[in-house]
Amino acid sequence: MEAIWLYQFRLIVIGDSTVGKSCLIRRFTEGRFAQVSDPTVGVDFFSRLVEIEPGKRIKLQIWDTAGQERFRSITRAYYRNSVGGLLLFDITNRRSFQNVHEWLEEAKAHVQPYQIVFVLVGHKCDLDTQRQVTRHEAEKLATAYGMRYIETSARDAINVEKAFTDLTRDIYELVRKGEINIQEGWEGVKSGFVPNVVHSSEEVIKSDRRCLC
Amino acid sequence: MSSEDGKTDEEITGTSENIANLGLSSNEESIPEEIPQSAETPKIPKAAATQDIEHVCHEERHEECCDTVNLEAAPDPKPDLDSEASAKGSTWSTWGTWGKSLLSSASASVGHGISAVREKAGVTLRIRTSESEESAEIGEAEAGEEVSVEKADSPTEPTSPTAGRGVFSALTNAVQNTGKSVLSGGLDALEFIGKKTMNVLAESDPGFKKTKTLMEKTASLSQMLREAKEKEKRRLAEQVSDERTAHYGMLFDKYQGLSHLEALEILSNESETKVQAHLSSLGEEALEAIKAELIAIKDIFLQKDFENEEESDSKGEETEEFTRMLTELLFELHVAATPDKLNKAMKKAHDWLLAESLHPEEQPETLSVNVQEVAEVVEDNTTGATEVVGKAEVKKKLSSEDIYMKSIENLAEITARCIEQLHKVAELILHGQDVEKPVKDQAVVLAKLTSAMCKEVSSLSKSFIDLLTAAGSKLKAEVLNPTVSSIQLEGNNSTTYIQDAFRLLLPILQFSHIQATSSKA
């Protein structure tokens, strides 16, 4: 059965259409890369456990949003309950980099009153020869926004783990320090369950259950 | 033993029908109550925004912050759907709907309710014991005790009078057997307090509007399901690893059913806010005009006959029938939602059934444990439908425990896929493509689609039970019965979730209609 986790973080992945959001998530959650994939409709869901320290597991629930403009009004509704986000652009597509600002503004406007931790991701770094965005300028932008920058490739599985785990660690630190709190009615961070800690009367009753066999 | 089973099944179905009837009739019932209010303030009445059918969770979500526009139909000229059911007092029936919500959430944790009770109480205990127990528990937690107690105690169960008694006697039975003194001692008190509370509330809060708003805040559908799941998880943490039970709630979440439901709920809420905002910006005449249209859409949702007609035996060709129907209906909707994932899940279930029923004579009597196999299947969610079928074929000797586990998993997966499908449809409708098809027609198609899904799920759960019964024919009744009941119950829950998801579509369609009309103008 499902392993026990300390917290559940909800992450949202945003960015222009065709920058590779779904491919990145699939690589991370399923370990595979699909050459062709259909455009995402609205939002899709993935989840995976990440071990940030030995024995400390975080469940990531990832909301994969549609990048297409026509779904924008829908995806907006999904921001609010996320504690973290990956803001993707395609390093071979200058336009997608220029739109990063717009994505960030939109996200900030819709996560209120909660805070969200972003990482800027330059995707498709395997296509270095077609690069239109230099690492330097992307790093500069990320610094200006106060976020990490990382270059990834879903196809060659470069930095995919790192992108997600670094973000998870950052969020975990904030939660640990009490800068992000679990709140009623907010799905961004949920606490998990540690074995043999919770004892309700019900569990006690159950302990003397008869074996089925 | 088999007659015992049949009886249990019947009773369960009976109850769920009753519940459905109550829900529907409650809506009709509540109309007279609200008319005077509407008459006082004709433009924007403060009456409940009872746009939602029986989903109290969504009713009146704007109640405290802004005036809402009443979308309740004027006195319904049509006769009540169920005249007997409508004989119930109107205030109680509103609570009946709550009972239903609670019940459906309660049953999300049923996998656990059952295992909790079945070992304790033994087979004499009907499955609904755990259900009522669960709802009683949740009721307490939600400070809504009166609902569940009232439900269990309801003297006017219309279509099957035995059902009400069944719950109660089962409950008493449970109390005797489990010795849960809290429950037995508290029951009368609970009922008493419940009634008192209701009376007090009724005086200060006609129609329980504020109360419901309050309750709504603490519990939305997906919220309740989540809590149920987490409870299950918490219990799992305690459990020794070699104990095997099927955890519907967790599997449902694994297939992202909860997420889709939550996302659909978000869209539904947003749409309703937008509908209300639009309506309150209109002049009186325009308001009346559009109100009539929106009510017409709502009526389609109300007319919906959710009850499952007689189920025929499910065979391989039925999958194709369902697939064909699904594709056709989605095509009719004029939204580009492909049912691939749902079809795959359905096919997987049917193929498995078919493969299993070919080797019924080889079923072993003992419960061989094959954790690995099940774990693999669980991991393998969207992709390897064929692989799974392959495995099932190779591995001819499935124990009845395995069949039980796989049945529950199949139900959870298919239900999650159905809800995903409805969520996708909602997103596509909302994203404002040119509406080639009038929203009213879309509503009709969606109602048909939902009905087809529910029917398919019920027929599947029936097939699972048949398979399990055949495989476990040599098993003792007290071993077999709880698993049979559990499948039956989770099957019923599955259809409830699908119906709940369908109801969430109403504000979305209404908003889509407003968009379409205003773009025309």
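Predicted model: local features only at pLDDT ≥ 70, side-chain atom pairs only at ≥ 80, totals over all residues.
B:Leu422 belongs to helix 18 of chain B, residues 400-430, where helices (H or I, at least four residues) and strands (E, at least two) are DSSP runs numbered from the N terminus. Although B:Leu422 and B:Pro339 are separated by 83 residues in sequence, their C-alpha atoms are 10.0 Å apart in space.

Helix 18 of chain B also packs against helix 12 (residues 257-280) of chain B, the two axes coming within 9 Å and crossing at roughly 30°. That angle makes helix 12 of chain B roughly parallel to helix 18 of chain B, since angles under 35 degrees count as roughly parallel, over 145 as roughly antiparallel, 65 to 115 as roughly perpendicular and the rest as oblique.

Helix 20 of chain B, residues 477-520, has 44 residues and reaches 64 Å from its first C-alpha to its last, close to the expected 64 Å, the expected span being 1.5 Å times one less than the number of residues. A kink of about 25° lies at B:Leu506, shortly before the proline B:Pro507; the bend is the angle between axes fitted to the seven residues ending at a residue and the seven starting there. Helix 20 of chain B is mostly covered, with 37 of its 44 residues buried.

Helix 13 of chain B, residues 284-303, comes within 10 Å of helix 20 of chain B, axis to axis, and the axes cross at roughly 150°, so the two helices are roughly antiparallel, and the crossing is right-handed. Helix 13 of chain B has 20 residues and reaches 28 Å, close to the 28 Å expected, and its buried residues include B:Leu287, B:Ile290, B:Leu294 and B:Phe301.

## Chain A: strands and a hairpin

Chain A has seven helices and seven strands, and 54% of its 213 residues count as buried. Strand 2 (residues 43-53) and strand 3 (residues 56-65) of chain A pair in the antiparallel sense over 10 bridges, pairing being assigned if DSSP finds at least two bridges between two strands. A:Glu51 has A:Arg57, in strand 3 of chain A, as its bridge partner, and in the hairpin, which has two residues between the strands, A:Gly55 takes a positive phi near 85°.

## Loop residues

A:Thr18 has a positive phi of about 65° although it is not a glycine, and it is exposed, with a relative accessible area of 60%. B:Gln256 likewise has a positive phi of about 65° without being a glycine, but B:Gln256 is buried, with a relative accessible area of 10%. A cis peptide bond, with omega about 0°, joins A:Gln112 and A:Pro113, and A:Pro113 is found in the loop between helix 4 (100-111) and strand 5 of chain A.

## Conventions

Residues are numbered from 1 along each chain as its sequence is written, and chains are lettered from A and ligands numbered from 1 in the order in which they are written. Local features need pLDDT of at least 70 and side-chain atom pairs count only at pLDDT 80 or more, while totals for chains, interfaces and linings use all residues, and side-chain values use heavy atoms, leaving out hydrogens and water.

Notes:
Buried < 20%, exposed > 50% of the residue type's maximum accessible area, 1.4 Å probe, protein only. Axes fitted to C-alpha atoms, helices over the stretch in contact; angles between N-to-C directions. Left-handed = near helix turned anticlockwise from the far one by under 90°.
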